[in-house]
Amino acid sequence: MQRVNTSKLNSSRQQFERELKRLRQDVLRMGALVENSCRLSHQALFHRDLAAADVLKPLDKQIDHFYRQIEADSIMLLTLQGPVAQDCRVLGAFMQLVRDLERIGDYAKDLGEIAVKLFPYPPLACMPDVERMSHETQAMLGMSLIALVELNPEAGTQMKEKDTTVDDAYDRLYRHLASQSNYRGVLEPVLLVTLAIRHLERMADHATNIGQRVTYIVTGRRG
């Protein structure tokens, strides 16, 4: 009978765990970039800061680079290291989670572009409500990343509860904007703000997905 080299197995396992830890740290670094992107898009949209909008495009390229690298590293670990079932679950969740982060970054970049197009127009009366919606969305992203750091098994449920607040804000604002049939003036700012609240609502959905993926990493079931 061939004897199993336990020291070699232990060494391989330790190497795999180091790689998994490094991968998780990369996910968190990517998350920090996405958080910054959201802050800049908020500054551009609500403080009419065009310099912040200019930073978003190169920042999005950094986020995309992290996304591609983390996805490639996850695939390499899946195919070369022979992970056990729980490891496969973690790596699969990481690959989906960074896709959510990448999409949030894309929406933040798009919000910066909307801010530039809105700049020539006076702010709509509903912008304070849109700003509150943006704050809620940023808070949800922060919560989802803290959940990943702490591996909080309740993250999925907590994020779904928060997402309801953003969904309700979106519904109210959409009804308000859609009722502007007698609006006097150029319709472009109304259409742009309608697009902005849709982006914010989708960003909150992706933050919720991240919370649910954290729950899946910890428990093996969706939150």
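Trainee: How much space lies in the largest pocket?

Mentor: About 230 Å³. Keep in mind that this is a predicted model.

Trainee: Which residues line the largest pocket?

Mentor: Arg13, Glu17, Leu20, Lys21, Arg24, Gln86, Asp87, Val90, Phe94, Leu151, Ile217 and Val218.

Trainee: And which element gives the largest share of that lining?

Mentor: α1, with five residues. At least two residues each come from α1 (6–46), α3 (85–118) and α6 (188–219).

Trainee: How do the lining residues divide into nonpolar, polar and charged?

Mentor: Six are nonpolar, one is polar and five are charged.

Trainee: What about the second largest pocket, how much space lies there?

Mentor: About 170 Å³. Its lining has 15 residues, and those nearest the pocket centre are Leu45, Arg48, Leu118, Pro123 and Met127.

Trainee: Which elements give two or more residues to that lining?

Mentor: For the second largest pocket they are α1, α3, α4 (127–150) and α6.

Trainee: How many of the residues in that lining are charged?

Mentor: Two are charged, 13 are nonpolar and none is polar.

Trainee: You listed Arg48 there. Which ring does its charged end sit over?

Mentor: The ring of Phe119, with the charged end of Arg48 5.1 Å from the ring centre. There is also Arg89, whose charged end is placed over the ring of Tyr216 at 6.0 Å from the centre.

Trainee: How many aromatic pairs does the count come to?

Mentor: One aromatic pair.

Trainee: Switching to α6. How far does it reach from its first C-alpha to its last?

Mentor: α6 spans 47 Å over 32 residues, close to the 46 Å expected at 1.5 Å a residue.

Trainee: Is α6 mostly covered or mostly open?

Mentor: Mostly covered, as 23 of the 32 residues in α6 are buried.

Trainee: What follows α6?

Mentor: Gly220, which has a positive phi, near 85°.

Trainee: Where is Pro153?

Mentor: Pro153 is in the loop between α4 and α5 (155–178). In space, its C-alpha lies 4.6 Å from the C-alpha of Thr215, although the two residues are 62 apart in sequence.

Trainee: Why is Pro153 called partly exposed and not buried?

Mentor: Because its relative accessible area is 34%, and buried means under 20%, exposed over 50%, with partly exposed in between.

Terms used: Residues are numbered from 1 along each chain as its sequence is written. This is a predicted model: local features need pLDDT of at least 70, side-chain atom pairs count only at pLDDT 80 or more; totals for chains, interfaces and linings use all residues. Side-chain values use heavy atoms; hydrogens and water are left out. On a 1 Å grid over the protein atoms alone, a cavity is a set of points where a 1.4 Å probe fits but cannot get out, and a pocket is an open set with protein on both sides within 12 Å along at least five of seven lines; lining residues have an atom within 4 Å of a point. Grid points are joined across faces, edges and corners, and a volume is the space filled by probe spheres set on the points. Helices (H or I, at least four residues) and strands (E, at least two) are DSSP runs, numbered from the N terminus. Ala, Val, Leu, Ile, Met, Phe, Trp, Tyr, Cys and Pro count as nonpolar, Asp, Glu, Lys and Arg as charged, and the others, Gly among them, as polar. Rings of Phe, Tyr and Trp (its six-membered ring) pair if their centres lie within 6.5 Å; planes under 30 degrees apart count as stacked, over 60 as edge-to-face and the rest as tilted. A charge sits over a ring if NZ of Lys or CZ of Arg is within 6 Å of the ring centre and within 35 degrees of the ring normal. The expected span of a helix is 1.5 Å times one less than its number of residues. Buried means under 20% relative accessible area, exposed over 50%, partly exposed in between (1.4 Å probe, protein chains only).
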